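Let's take a walk through this one together, starting from a single spot and then stepping back to the whole chain.

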Amino acid sequence: MIWFALTLLAFALGVVLQLHLQSRPLLRTLLNPTLLATVLVGIVLLLTRTSYDTYTRATEPISAFLAPAVVALAVPLYRLRGLLARQWRALLLGGAAGTLAGVALDTLLPRALGLSPDVQRALATAPATSPVALQLADITGATPALAATLAVLSGLLGALILPAFLTRLGVRHPLARGIALGAVAHGIGTARAREEGELTGAASSIGMGLAALVVTLVVAARG
Amino acid sequence: MTSQTAALPPAVRVVLGLGVLVGFAALGEGLMRLLHWPLPGSVVGMVLLLLALGSRVVRLHWIEPAADGLLGILGLLFVPATVGAIQFLGAGAEWGLWLLVMVAGLLLGAGVAGWLAGRLVRD
């Protein structure tokens, strides 16, 4: 029970700190509530020598909401259906091309660097949302926990670095920014995209759904 | 129907919405198990819910409070999984290479998606 409480409180602390950093964009990005909660909980687990299994069991009630939250992404999509139907070309083609480029690099670069086969398999599904990466681990033969962790970390990294990167690239349209975040940074990227506005969030959830399908098809095609 | 749902206590509206959302997640999961397709049930559930909303089988106001609540704390729901990183601290210096690969994939993928979508957006 204490791990459940600690996780909720660490995340809430992250949100509170972020609200107090409205005028400091860089610090605000670095103090992502997911990242802060992960680091705090991780440190306490290591200090108390608590196993990850114990922690996973204690926080099952949180994980149980992951699937309905993914389903809930249909709500912003439905609210903006008119606009999204008009912009399908940008969203579908942009998202699919981005995810494919990400998967290609995540597949080829580990091979070039000579990383172990297990890590190669886990990295290849990183652009898909963590529940998808978990299910795909059964097909690719990757260690499920590693595949999920790298997928989540990839989303976290994406949420941290991509908004500024896209701005530097001159990508300013909310739909283009959203689809770019969703195509490679899935759930956490979508949470970050929603901070920029509902339009960005909706485009990101389309990108996330599309990325799940693209990565699944790539894995199926290679399998 | 709108007035009937609005008359419900707020907590019950959340419970109603959660029931529908979890139901669609279960539906997607069950369908994929039946068809033996390697697709995640929750993503299939999202597509099914979108179709149900479009055909008015499900009304938006049934699920809005629950959906907005869940999406508002999306970042929390990933924490139990991200904490799993502590199991792989033993990989040590290799983490640098893993992060390098992820950053490279993120920058190329998001760059391609953002650039292409930006060009294809209709004003």
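Contact here means heavy atoms within 4.5 Å. With that in hand, look at Ser154(A): setting aside its neighbours within four places in sequence, Ser154(A) is in contact with Ala126(A) and Val184(A), and also with Met102(B) and Leu106(B). Before going further, note that this is a predicted model, where local features need pLDDT of at least 70, side-chain atom pairs count only at pLDDT 80 or more, and totals for chains, interfaces and linings use all residues. Residues are numbered from 1 along each chain as its sequence is written, chains are lettered from A and ligands numbered from 1 in the order in which they are written, and side-chain values use heavy atoms, with hydrogens and water left out.

So where does Ser154(A) sit? Ser154(A) counts as buried because its relative accessibility is 2%. The cut-offs are under 20% relative accessible area for buried, over 50% for exposed, and partly exposed in between, using a 1.4 Å probe and protein chains only.

Gly114(A) has a relative accessible area of 57%, so it is exposed. Its C-alpha atom is separated by 35 Å from that of Thr48(A), 66 residues away along the chain.

Now zoom out. Chain A has 14 helices and zero strands, and 55% of its 223 residues count as buried. Its radius of gyration, taken over C-alpha atoms, is compared with a globule rule of 2.2 Å times the number of residues to the power 0.38. For 223 residues a compact globule would come out near 17 Å, and chain A has 18 Å, which agrees. Along the principal axes, the C-alpha atoms fill a box of roughly 50 × 45 × 30 Å. Among contacts in chain A between residues at least 6 apart in sequence, 66% join residues at least 24 apart.

Finally, the unreviewed UniProt entry annotates "transmembrane region" at residues 34–50, 90–109, 145–166 and 202–221 of chain A; positions are in the numbering used here, feature names are shortened, and annotations may be inferred rather than shown by experiment. In the model, residues 90–109 are 100% helix and 0% strand, with end C-alpha atoms 28 Å apart. Residues 145–166 are also 100% helix and 0% strand, and their end C-alpha atoms are 30 Å apart.

Notes. Helices (H or I, at least four residues) and strands (E, at least two) are DSSP runs, numbered from the N terminus.
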